[in-house]
Amino acid sequence: MSDAFIQVENLNYSYAEEDGREIPVLHDISFEIGRGEYVAILGHNGSGKSTLAKLLNLILTPTSGRILFDGKDVAEKELTEDELYQLRRKVGMVFQNPDNQLVATIVEEDVAFGPENLGLPQQEIRRRVDESLAIVGMTEYAHHEPHRLSGGQKQRIAIAGIIAMLPECMIFDESTAMLDPSGRKDVLRTIETLNREKGITVLTITHYMNEAAKADRIIVLDDGRILMEGTPAEVFARPEILRKAGLDVPQCSALVEGLREAGFAISGDCYSPELCAEAICRYIQEKRA
Amino acid sequence: MSVAKIELENVSYVYSKGTPYEVTALDNVSACIKEGSITGIIGHTGSGKSTFVQLLNGLEHAQEGRVLLDGKDIWEKPKEIGKIRFRVGLVMQYPEYQLFEETIRQDIAFGPKNMGLDKEEIEKRVLMAADFVGLERELLDKSPFDLSGGQKRRAAIAGVIAMKPEVLVLDEPAAGLDPLGRDAIFTSLVNYRNETGATVIIVSHSMEDMARFCEELIVLSHAKIVMQGTCSEIFAKADFLSEIGLDVPQITGCMKLLSQKGLSVGDGIYTVEDAVRELSRRLSSL
């Protein structure tokens, strides 16, 4: 892929124990995320996915290997404050706990926090805040107090605060893990809008299968290594590998796996109820024909 | 016939009663939770689930109606409500935020200590509880800060199990955990029930988890109980569940699509194993 926005090359990371022992966490990870692509990194706790997120956000520095954003190596040497600032503007990050990401007492002030720090003119800040709140569907809450909102709403305010910086890429680190199903759906819908309509490159780090299913591509991480990479259909067609990685197999994939083991040669993708029901009906028709 | 461990009789609870912010959380709710069962409470956000579980150990006091434990009103002697809380253990959402002692051992011992147990018994309880939740003994002398999120969650649950409650109530015990952490927690709850005969009540948004681990379900919607029954009875009503804003397990959704497409499959199938069995039967008869 020539137009890669994120390139990770032979990335290694180890942390040092108190007694000086090196504990390797990531082993020789390489992948690329194209401009405008939507990629999910799947892995259980301890698979190295949070470490990877921290490396991508430059909270940690790699032991070896390269991380390039927009062609620029960000891990090679310590970045100057100015370079770091430019990078964080380009790459926004949304974390797990919605309560830890809001700073102001009124929603629109919180969203304005980033643009204000960029020193933009007043009208421009106003425009960006209104537009960002509209994108996440929270316009009517502009004058509310963040602490009275639900988790999903808070998370969307956090996202709006980042969109207001006009990022090219957004990284979501377990951003829906603490939300209820409706909050999760709202945030996922927002992520899809950002990617499909605004062309923002999206990387989500998660252990939820249905979340990963929305991505263009999934990278499965286990024990600090890339175990598998492919479209959702390709990844969900390999239940044995998902189980090995400590992940859930979508129930419908497990159903078809069980039926195949029982001798019924059902073919095709089947990770969602719709696909699964279609695959079974197709099998029945072929049998009857 | 199974015995009722907890009963709610015409319970109503209103927050900020008499103010403009008045919210009815539970409206004339009656329910019966069987002794020794694993009962799930489901409902969309704001349906009254959390209020429901907070009434069970007297953390909230219903303005109307009664909560019975073994047939006795838990508020019969209001000054002794503390004793009810030893018998009905409540694990709140994200309980790991409530760990406060210097070591995990001290934190788990907090409940038994308050019960006035002697040192030896407390130590026994701590080890018993740690074993139930699968917390390695060498972690007991660590600070909560040195544990992973999943370990902290288990330590917090152990703190309630150490009181050996007859009823163990958990609000979203697996929220935010990955599949391995989630399975470890649910398995330890099933073990606790199997070995002690306690009643376990779980609130969760995950229908797949509820289908796998619960025997009975109570469905709340807009402050009322709209259904109560076994998992297969409840999940057979997939359309109704969607109407009140709940999901059904993926497998139930798939079976429903198949029956819409004209394949006659049984209602109320909610586990992968049952679905494989049912479909194998149907497909072999082609």
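1. A word on conventions. This is a predicted model, in which local features need pLDDT of at least 70 and side-chain atom pairs count only at pLDDT 80 or more, while totals for chains, interfaces and linings use all residues. Residues are numbered from 1 along each chain as its sequence is written, chains are lettered from A and ligands numbered from 1 in the order in which they are written, and side-chain values use heavy atoms, with hydrogens and water left out.

2. Let me start with the chain interface. On the chain A side 38 residues are in contact with 31 residues of chain B, where contact means heavy atoms within 4.5 Å. About 2,700 Å² is buried between chain A and chain B, and carbon and sulfur atoms give 67% of that area. Buried area here is the accessible area (1.4 Å probe) that two parts lose on being put together, summed over both.

3. Two salt bridges are found between chain A and chain B, a salt bridge being a side-chain nitrogen of Lys or Arg within 4 Å of a carboxyl oxygen of Asp or Glu. K185(A) and D247(B) form a salt bridge, at 3.5 Å from N to O. Nine residue pairs are in polar contact between chain A and chain B, both residues being at pLDDT 80 or more. A polar contact is a pair of N or O atoms within 3.5 Å; within protein, one must be able to donate a hydrogen and the other to accept it, and residues adjacent in sequence count only if both atoms are side-chain atoms.

4. Which helices of chain A each supply at least two residues of the side that touches chain B? They are α6 (181–196), α10 (251–261) and α11 (273–288), and α11(A) gives the most, with eleven residues. Helices (H or I, at least four residues) and strands (E, at least two) are DSSP runs, numbered from the N terminus. By class, this side of chain A has 21 nonpolar, ten polar and seven charged residues.

5. Within chain A, there is a domain 1 (4–237) and a domain 2 (250–289), with bounds from an automatic or database domain assignment. Their centres, taken over C-alpha atoms, are 35 Å apart. Four residues of domain 1 of chain A are in contact with four of domain 2 of chain A, and the buried area is about 370 Å², with 74% from carbon and sulfur atoms. M209(A), A233(A) and F236(A) supply 81% of the area that domain 1 of chain A buries there, more than any other three residues.

6. Between these two domains of chain A the count is zero salt bridges, and zero residue pairs in polar contact (both at pLDDT 80 or more). The side of domain 1 of chain A that touches domain 2 of chain A has four nonpolar, no polar and no charged residues.

7. Finally, salt bridges in general: the count over all chains is 46. K72(A) and E83(A) form a salt bridge at 3.5 Å, N to O. K72(A) lies in strand β5 (residues 72–73) and E83(A) in helix α2 (residues 81–90) of chain A, so the pair ties together parts eleven residues apart in sequence. D3(A), R35(A), D70(A), K90(A) and E168(A) are linked in a network of salt bridges.

Key: Nonpolar A, V, L, I, M, F, W, Y, C, P; charged D, E, K, R; others polar.
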